[in-house]
Amino acid sequence: MFATAVRYFAKKPKPKLKPIELKTPPEQTQTISRVIFDIVKEHGPLTIAETWEHAKDVGVRGLTSKRHMKIILRWMRERQKLRLMCNHVGPHKQFLYTTWFTNPKAMPPNSNADSSRPK
C-alpha cells in the first residue's frame, strides 16, 4: 500500500495544453473536418497513416500536409468529434482514431494490418 502511494505521488502530472487555435478559415476547417470525419466513419478505426492515405485519395482541398491533418485530428478530438483508442497488438500499442458512435467491442481485431499492406 505504501509503495503504491509513493509511486502515485512520484509521477509528474500531465502538462496542461492550451486549446488548439487553427489558422485556416472556419469554412475551410469545417470542410476538412467533415471529410476526415466521413473517412474515419466509413473506413472504421484508422491509424494516422491510414487516415492520411485515404485523405490523399479523396484529395481534400486545403489540407496541406500530414502534420496539418494531425493538428486537425487533435482539434477534432478536443471537440469530441473523434476519439483515440489504444489497441494492444502483442507487446506493441496501436493508436486508432474512431468516431464516438463506434462500439469498440463490435470491431474485429486488426492485428495483421501491417503485414497486409503492400511494401
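Here's a short walk through the model, one selection at a time.

Keep in mind that this is a predicted model, where local features need pLDDT of at least 70, side-chain atom pairs count only at pLDDT 80 or more, and totals for chains, interfaces and linings use all residues. Residues are numbered from 1 along each chain as its sequence is written, and side-chain values use heavy atoms, with hydrogens and water left out.

**Whole chain.** Colour by secondary structure and you'll find five helices and two strands, in the order α-α-α-α-β-β-α from the N terminus. Those are DSSP runs numbered from the N terminus: helices are H or I with at least four residues, strands E with at least two. Of the 119 residues, 27% are buried (under 20% relative accessible area, 1.4 Å probe, protein chains only).

**α2 and α3.** Next, select residues 26-43 and 48-58: the axes of these two helices come within 10 Å and cross at roughly 115 degrees. Axes here are lines fitted to C-alpha atoms over the stretch in contact, with angles from 0 to 180 degrees between N-to-C directions. Show side chains for Val-35, Ile-36, Ile-39 and His-43 of α2, plus Thr-51, His-54, Ala-55 and Val-58 of α3, which make the contact (heavy atoms within 4.5 Å).

**The core.** Now pick Ile-36, Leu-63, Met-69, Met-76 and Leu-82, the residues with the most contacts inside the largest nonpolar core, which has 18 residues. Such a core is a set of buried Ala, Val, Leu, Ile, Met, Phe, Trp, Tyr and Cys residues joined through side-chain atoms within 4.5 Å. Helices α2, α3 and α4 (66-78) each supply at least two of its residues.

**Ile-36.** Finally, centre on Ile-36: beyond its neighbours within four places in sequence, Ile-36 touches Thr-51, Met-69, Ile-72, Leu-73, Met-76 and Leu-82.

Methods:
Buried means under 20% relative accessible area, exposed over 50%, partly exposed in between (1.4 Å probe, protein chains only).
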